[in-house]
Number of protein chains: 2
Amino acid sequence: MNNFSFQNPTKLIFGKGSIAKLATELPADAKIMMTYGGGSIRRNGVYDQVMAALKGRSVVEFGGIEPNPQYETLMRAITLARQEGVTFLLAVGGGSVIDGTKFIATALKYNGDPWEFMVDPSKAVDAMPLATVLTLPATGSEMNNGAVVSRKEFNEKLAFHNPKGFPQFSILDPEVCYSLPKQQVINGIVDSFAHTLEQYLTFNTQSMVMDRWAEGLLQTLVELGPKLVERHDQYDEVANFMLTATMALNGFIAMGVPQDWATHMIGHELTALHGLDHGVTLAIVFPGVMSVMRREKFDKLVQYAERVWGATGTPEEKAQAAIDKTDAFFRSLGMKTRLSEHGVGQETIDFIVDRFRKRGWNLGETGKVTPERVAEILRERM
Amino acid sequence: MNNFSFQNPTKLIFGKGSIAKLATELPADAKIMMTYGGGSIRRNGVYDQVMAALKGRSVVEFGGIEPNPQYETLMRAITLARQEGVTFLLAVGGGSVIDGTKFIATALKYNGDPWEFMVDPSKAVDAMPLATVLTLPATGSEMNNGAVVSRKEFNEKLAFHNPKGFPQFSILDPEVCYSLPKQQVINGIVDSFAHTLEQYLTFNTQSMVMDRWAEGLLQTLVELGPKLVERHDQYDEVANFMLTATMALNGFIAMGVPQDWATHMIGHELTALHGLDHGVTLAIVFPGVMSVMRREKFDKLVQYAERVWGATGTPEEKAQAAIDKTDAFFRSLGMKTRLSEHGVGQETIDFIVDRFRKRGWNLGETGKVTPERVAEILRERM
């Protein structure tokens, strides 16, 4: 097992009716900026629940944070927060709203152009306190200190971590998910599944217990996937999905293990260039990474095939089953897992590979996903 | 899934060579009281490693905290800490030293006789900051806010939780476990196993993901048990054991599930009255609780038998296998799992049942472990 340091201070408040707890969890004297997205919270009742809990508080609203939150939008929020003397940020939404709010929180404690800490994340060291009300299980942002922000003028989508960026608390009420569009639920299943694989499907470091935990998340998603595609208004099913999505990226299963993240880095490019949903990009790329990196990941592919998919046969057959079963699982949810199905062609591959070369990026748990192998991965997924 | 609130602020610093990190983790201006046990840390090099990391610091030592830490001993530590103006407690040891140090930390911020918050734990609300260097994987105390303290004059062993009682950080270096006596390793395996069962083997609340995680801990212990009995100086095996023991009682697997703890409460009495090791009492009592509460726990017994022990057959056969396999696992580690093997007889059963009656205790996840059923459980384990 690798040496590690783990700490996660976020308070998780989970279950039906939990939004009302905002009233007691928020600091009494806070000047609150409530951030949200495109307005779905006004239609599904979440806005009203939040406002009822905030009654009597000093609140300024900032709506309109888009999927793949944009630098330009967030800069307007920062200006507003400064004008209003905001002291506490409350993100009400999914991963995009929460990620955007982490950017705002960091920028409000940063001297200089905020894009600087996107390019060099080591500069992100302080943040205004924030909390969240989660409306979409997927990214895990509600219980970690990372965020991804896009900048249209550069066609870029970059990630950063801020040690002070953990939400102070996050409220997860599974019932708010009942009104989600089905595609968002499917994206969330794939996102959680991919987050788990990124921390599991690497080389073997004998982290027996964390392997078991990662497999537990994958098994749960495999079991829930078809049910959630059918309907997502059954409390226990949605609650388990919501909790699994949070546990998939809050540092728990990362203890003592190497991490990959090549799929995410490649996927971010597909989103930046073609606007594909994050979950869709992961469903496209992951089977390709598994296939091209088969030798490096061989032992884990076999273990994953055995324990998550019940595969039998020779080790080579199991490794192949791992790849095939993963692709088939994503497709069974209704995902199109080939680039050509999304109208993405060779010129995009060339652009991404060229960009990674210029950035000097060698990705993956051992840095062996070179730009050449990225090309191979994407060609394999045409 | 049940509603829940979860927060665990402890920083976990894990891996070989980690004790040196004390130098940077402890607050610069702290007046430190280092607490420890019977002196094994002087023989195995831990004392020297800690002292090297504390060089130049203001440190007062308090050794001699015994297994099942005693009120009388801890009161002397409290007096010393007050005399010396201590501001930070560093526990170096196993669960007893850490639990005792939590009592000291709470007492130092409590006005009145500290035994009051043992009798009424709701009075434990503040604590002096503490941190730990763990030397014995077992209790999970290094990453939770609970503690158990004994008082000889009353023959009592009681538990309390303090919301401020989490260690600020805990250092876990698996290599310090190599010199442990074998019996302590065995006790630790059983303790971790029992902690997991207490949060898992209840009635079914459809907490799919937490069931998987608990099963992952149990599977890891089943796999490691025989290896650790053989030898406990293989890094990855000891590291996985150490991490599993911490994960078994840090609140992670408790999210959204009911909890039992009848076995622990009965076991505490056997320790208070006969001085049996905590782990030994759990190995005796747990199969009895499973057997007597078979109807209430039936669905979970079946699931546990299937997933952890690979049991087949009818549901009734699986439930029986769950009980038999658990007892056999404890015995395979070298545990004596019958009261008669420890010279404990009917008079002890009568005493415990009478005491629980007077306390008005109905234990277990549904309060159905009445004093009468405690009698039945203990008779079954004669």
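1. A word on terms: axes are lines fitted to C-alpha atoms, for helices over the stretch in contact, and angles run from 0 to 180 degrees between N-to-C directions. Helices are DSSP runs (H or I, at least four residues) numbered from the N terminus. This is a predicted model, where local features need pLDDT of at least 70, side-chain atom pairs count only at pLDDT 80 or more, and totals for chains, interfaces and linings use all residues. Residues are numbered from 1 along each chain as its sequence is written.

2. Have a look at helix 7 (residues 182-198) of chain B, whose axis comes within 9 Å of that of helix 10 (residues 262-274) of chain B, crossing at roughly 135 degrees. Helix 7 of chain B brings D191(B), A194(B), H195(B) and E198(B) to the contact, and helix 10 of chain B brings A262(B), T263(B) and H264(B) (contact means heavy atoms within 4.5 Å).

3. Helix 8 (residues 208-230) of chain B packs with helix 12 (residues 298-309) of chain B at about 50 degrees, the axes being 10 Å apart. This pair is therefore oblique too. Among the residues that meet are L218(B) and V222(B) in helix 8 of chain B and Y304(B) and W309(B) in helix 12 of chain B.

4. How does chain B sit relative to chain A? A rotation of 180 degrees with 0.0 Å of shift along its axis superposes chain B on chain A, with RMSD 0.0 Å (least squares on C-alpha atoms of residues with pLDDT of at least 70 in both). The copies are thus related as by a two-fold rotation axis. P9(B) comes closest to that axis of the residues of chain B, at 2.3 Å (C-alpha).

How values were computed. Chains lettered and ligands numbered in written order. Heavy atoms only, no water. Helix = DSSP H or I, 4+ residues; strand = E, 2+ residues; numbered from the N terminus. Parallel < 35°, antiparallel > 145°, perpendicular 65-115°, else oblique.
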